[in-house]
Amino acid sequence: MSPYSAPTAPRPPLRVALAGIGVVGGGVVRLLEANRELIARRAGRPIEIVALSARDRHKDRGVNLSPYRWEDDMDALVAADDVDVVVEMIGGADGPALTLARHTLGAGKALVTANKAMIAHHGLDLARLAEEKDTPLKYEAAVAGGIPVIKAIREGASANEIARVYGILNGTCNYILTQMERNGASFADALAAAQAEGYAEADPTFDVDGIDAAHKLSILAALCFGTRLDIGAVTADGIRGLIAADIREAEALGHRVRLIGMAERDGNGLYQHVQPCLVPADHPLAYVPGALNAVVAEGNFVGRLFFEGAGAGAGPTASAIVADIIDIARDEYGPAFAMPVDSLDAAPVADAGARIGKHYVRLIVEDRIGVLAEIATAMRDAGVSIESLIQRGSDDESGAVIVLVTHEGPASTIHAALETLAASDHVVGTPMHMPILAL
């Protein structure tokens with residue numbers, strides 16, 4: 001039969017169970033109900049929710065769940081004969097989410113997850129289990145929410161050698177930076193605004209310290225470079241140390257500050273780092289506002305690919321989850337990381353200090369004679385070449401603000417100079433160091 005022909009007999013429904021009915025789970029229910037007919041035509045068969053499980057069956061989730069069977073024990077979803085796909089939306093790298101994932105794949109049932117922490121820490125083991133059982137493991141929603149970047153890299157760019165992948169991988173941080181940029185807000189005030197708007201948790205550590213972005217970056221790196229997931233090799237520096245002066249000085253230099261996750265493989269190994277960077281104002285990432293995410297992948301034949309969209313929220317994340325379910329309904333799946341686990345390389349960790357580039361350095365110092373000479377000496381002794389130096393005088397940070405832009409050089413020299421200056425009695429607080437992203 002031609003693939004363009006309608007099947008002579010309708011295919012049976014794909015039967016789905018949802019574990020974890022929070023904001024995203026409610027979004028999945030709404031989406032499957034609202035677009036039921038369209039989804040069935042695109043999937044080639046109906047997709048039906050048959051069972052649900054969560055900690056509290058009586059919680060008001062703003063959506064009618066009464067048509068669906070409730071299971072207090074999540075393992076009952078795996079054991080049920082009328083379940084083909086389990087969607088895990090519990091969260092957490094370990095614990096119940098990981099147990100459910102292993103049981104689902106071990107039973108030969110398809111698993112769809114939005115759990116970036118679990119994939120980052122246990123993705124290889126889960127992918128191997130999926131291969132052994134010849135069953136799908138899908139995780140589009142784990143990286144960049146509603147942006148179909150996993151599918152685009154795994155399938156659309158599969159013929160390319162990827163030189164590097166990078167981007168804005170955390171909407172909370174991007175919202176905070178946008179508030180600082182547009183309103184001149186301090187980090188603390190911008191964080192409070194993010195919490196008030198629901199973009200940041202009461203404990204924002206996971207987001208503002210770069211941990212969330214590190215999980216996503218490790219997944220992207222494995223896909224792009226055909227390497228084994230190694231979350232321990234991803235280093236992360238968050239945005240807590242930024243002050244309003246950094247945003248102003250970046251703008252004066254023709255740049256904007258963004259928290260960037262960057263992965264790049266060269267002859268020295270695989271570099272994976274999350275850190276605030278100065279992004280040139282004419283780079284597409286400089287125009288990504290608010291809680292949006294964006295990913296850039298650079299292929300040797302396709303060139304630069306740019307993906308932008310909502311990185312979180314009920315609608316975008318549900319969209320990615322249901323897209324994975326539709327692929328399963330079509331029998332369209334392959335190795336979770338674009339190639340079998342045994343084909344993935346164990347890439348050595350590249351020396352971050354050896355990376356060459358220009359750098360932004362900000363210090364707050366006592367406004368007194370001799371401080372500039374002390375800074376210049378520390379930079380000279382470490383081998384740092386200074387392109388420009390700006391002193392703004394007294395600032396609201398209880399000292400003079402000194403901003404340096406360096407010529408291209410290894411990052412290790414900056415670290416050495418800042419280590420020396422950190423011991424100075426004239427330097428107030430912790431210096432800020434940000435790479436300047438090259439176009």
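Is Cys 277 buried or exposed? Keep that in mind as you read these points.

1. **What you are looking at.** This is a predicted model, in which local features need pLDDT of at least 70, side-chain atom pairs count only at pLDDT 80 or more, and totals for chains, interfaces and linings use all residues. Residues are numbered from 1 along each chain as its sequence is written, and side-chain values use heavy atoms, with hydrogens and water left out.

2. **Cys 277.** With a relative accessibility of 6%, Cys 277 counts as buried (buried is under 20% relative accessible area, exposed over 50%, and partly exposed in between, using a 1.4 Å probe and protein chains only). You will find Cys 277 in strand E10; helices (H or I, at least four residues) and strands (E, at least two) are DSSP runs, numbered from the N terminus. Setting aside neighbours within four places in sequence, Cys 277 has contacts that include Arg 256, Val 257, Met 434 and Pro 435, where contact means heavy atoms within 4.5 Å.

3. **The largest pocket.** This one holds about 1600 Å³ of space. A pocket is an open set of points on a 1 Å grid over the protein atoms alone, where a 1.4 Å probe fits, with protein on both sides within 12 Å along at least five of seven lines; lining residues have an atom within 4 Å of a point. Grid points are joined across faces, edges and corners, and the volume is the space filled by probe spheres set on the points. There are 48 lining residues, and Val 23, Val 24, Gly 91, Lys 116 and Glu 201 lie nearest the centre. Helix H1 gives the most to the lining, with three residues.

4. **Helix H13.** How far apart are the end C-alpha atoms of H13? They are 17 Å apart, which agrees with the 16 Å that its 12 residues (371–382) should span at 1.5 Å a residue; the expected span is 1.5 Å times one less than the number of residues. Val 371, Ile 375, Ala 378, Met 379 and Ala 382 are the buried residues of H13. Down the axis, these buried residues fall within an arc of 95°, so they line one face of the helix; the arc is that of the directions from the helix axis to the C-beta atoms. Exposed Arg 380 and Asp 381 sit on the face turned away from the buried side.

5. **Two backbone angles to check.** Most residues other than glycine have a negative phi. Ala 144, though not a glycine, has a positive phi of about 65°; with 1% relative accessibility, Ala 144 counts as buried. Asp 331 also has a positive phi, near 65°, but is partly exposed, with a relative accessible area of 49%.
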